[in-house]
Amino acid sequence: MILLFEVFSFSAIAQEPEKLGLNPDKWAVELSKSQLTEVNSLGSLAEQLIEVDSLRVFAFLDSLETSKKAKGNYFRTYFYMVKAAVIYSKFAGYDKYKDRRSEALIPIKEQLMELYANALDAAYQTESEKVIGWVNFYSSRRILSFGETAWAVMYSKNGVDLFEKINYPVEPPVYIELAELLRQVREYDESITYAKKGIAAWDTPNDEWDYEKPFQYNVKAFNTIGSSFYYKDEYDSALFYLQQAFRLATDNMDSVSAGMVSGDIGRIIFAKSNYDSALTLFKTDYEYSMYDSAYNEAANALQWMAKANLALGNKASALGNSKEALRLLSLWPSRRYLRDTYFTLSQVYRALGDSDSAFYFNDRFIAINDSLEKEIATSSLEISNARLKSEESVYRIQKINNQKQKELFIRNCLMAAIILFSLIVFLIVNRGRLKNKLAFEKAESEKVLLEQEIQSAKEQINSFTAHVIEKTSLIEKLEEQLNGTVASAEQQQIIAELSQQTILTEDDWLRFKLLFDKIYPVFFQKLKKNSVDITVAEQRIAALTRLELSSKQMAAMLGISVDSVHKARQRLRHRLQLDPVTNLDEYIAGI
């Protein structure tokens, strides 16, 4: 993805009409132009600055930013993008930091995110959808290298959607990479949509799209679609698309891609309890992953081999597969695959009767799984916040521009009124009282029309402002609904919206409890009466049970694993002193 920015930015340097060197005033003029063709100039400028020593680079950038010839939002947009590109290349590239979690990268990442945020703000004020889309798209690709998946998903999608809106050609790999990002954050439906767009985009040839093996992108797209259906538990659809990916790879004699796809097919075969066939497919995936030195993928294939062997009763083979997977993950770490390997090891040791080892790996599985689930929940929240900020930026800029247009309209009307008044005076002097009367009636008529137009403009502005306020606060919406007369249907709608909230902090719980009490006013009082020493955590589980949520939904809201939810429910049963035959859900519903 990072290379996409470099290729797009630097590919057209040869088209630059004039070599500007490093003259700040000349570049200030160049970057103040409104056409997007200056992307070529941006590439030329960034390339020159990367080759210059850092002291001279920042002296030039300071002079460029303060140049008297630097004007407008286009300059601000392009300047921030150039500065960010130079800082990244000089201080934050993969050649400098292979460990992208390094603490030394944090201040650089924060500086880049601030530059990109400023570039986005300036781009919105240009009102050029192409420029806005471009900044969204390329800033997201750069920040993705720091692990900011939420930023990458939101702004990459914004960029692609804006390109589509103005019919700007989007290259197939761009769609496909976006689809894979959406799959990673569990936006499976959108992942499928964009992957299909990537496949369809090849049907519109473009001379500028120069890819050596385009079929490999389609293999990846079909695989992404199949994997998304797999995670949606739609195995038939998943198998259909994965088989297309496999056929495309084999038809083009790409055995490595075919081997990797076979592992994904194996997971579906495994889910259908065809363990022998699944084991063969996992072995193929493992062999080709090792051939390609993709040790993380090979480790994943091994832990699936272990599951298949365990299902077939081959416990020793399963243990060997799992241990080898751990070794490979030490060479190419992957927290997601490590979590799955820990779980598999706990199952293998349990089957071998080694309880201590089983509990050890189960505890490690729970720890890393809870961490990963929290990251996914956080990413979803960050995507929502990014979407809200993006919308707020659009509405804010539109409001500013509407205000400017209104002021311009009023100014023009005043100028027109002055000219008209002067004409009327001239007619009074030169044509007498009769023509003066006719001119006065005409002026009155136009004045009424003017007042109507101004009133209409005010009403539109007020309507627009009210719409923005209404969209940006879910909590206010809930409170407004609860303040009035609450009907049964309205209660159900509020409960459904409550079910979508997350309870990850004490503030979240207090907010949730306040809304819950408005629906079930005496629930917590009765609960405490039944069990005086009930804990807050047990109260939360009871409340979510009363909302008839599944264990999976409770886990998502509380930021814990499904297994932890089951344990919490057991503790709640014990606290309420329920006998084994009493159904917890029915008991809670009766409170």
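**Salt bridges and where they sit**

Reply: Arg575 is partly exposed, with a relative accessible area of 26%, where buried means under 20%, exposed means over 50% and partly exposed lies in between, using a 1.4 Å probe and protein chains only. This is a predicted model, in which local features need a pLDDT of at least 70 and side-chain atom pairs count only at pLDDT 80 or more, whereas totals for chains, interfaces and linings use all residues. Residues are numbered from 1 along each chain as its sequence is written, and side-chain values use heavy atoms, with hydrogens and water left out.

Arg575 forms a salt bridge with Asp533, and their closest N and O atoms are 3.0 Å apart; the term stands for a side-chain nitrogen of Lys or Arg within 4 Å of a carboxyl oxygen of Asp or Glu. Because Asp533 lies in the loop between helix H22 (523–530) and helix H23 (536–546), while Arg575 belongs to helix H25 (residues 562–576), the pair ties together parts that are 42 residues apart in sequence. Elsewhere, salt bridges that share partners join Lys157, Asp161 and Glu190 into one network. Helices here are DSSP runs of H or I with at least four residues, and strands are runs of E with at least two, numbered from the N terminus.

In total, the structure holds 20 salt bridges. One of them is formed by Lys109 and Glu148, with 2.8 Å between the closest N and O atoms. This pair links distant parts of the chain, since Lys109 is in helix H6 (residues 106–126) and Glu148 is in the loop between helix H7 (129–144) and helix H8 (149–165), 39 residues apart. Lys109 counts as buried because its relative accessibility is 18%, and Glu148 is also buried, with a relative accessible area of 17%.

Which partner does Glu234 have in a salt bridge? Glu234 pairs with Lys232, the closest N and O atoms being 3.6 Å apart. Glu234 is partly exposed, at a relative accessible area of 32%, and Lys232 is partly exposed as well, at 29%.

Arg186 has a phi near 70°, a positive value in a residue other than glycine. Most residues other than glycine have a negative phi. With a relative accessible area of 37%, Arg186 counts as partly exposed.
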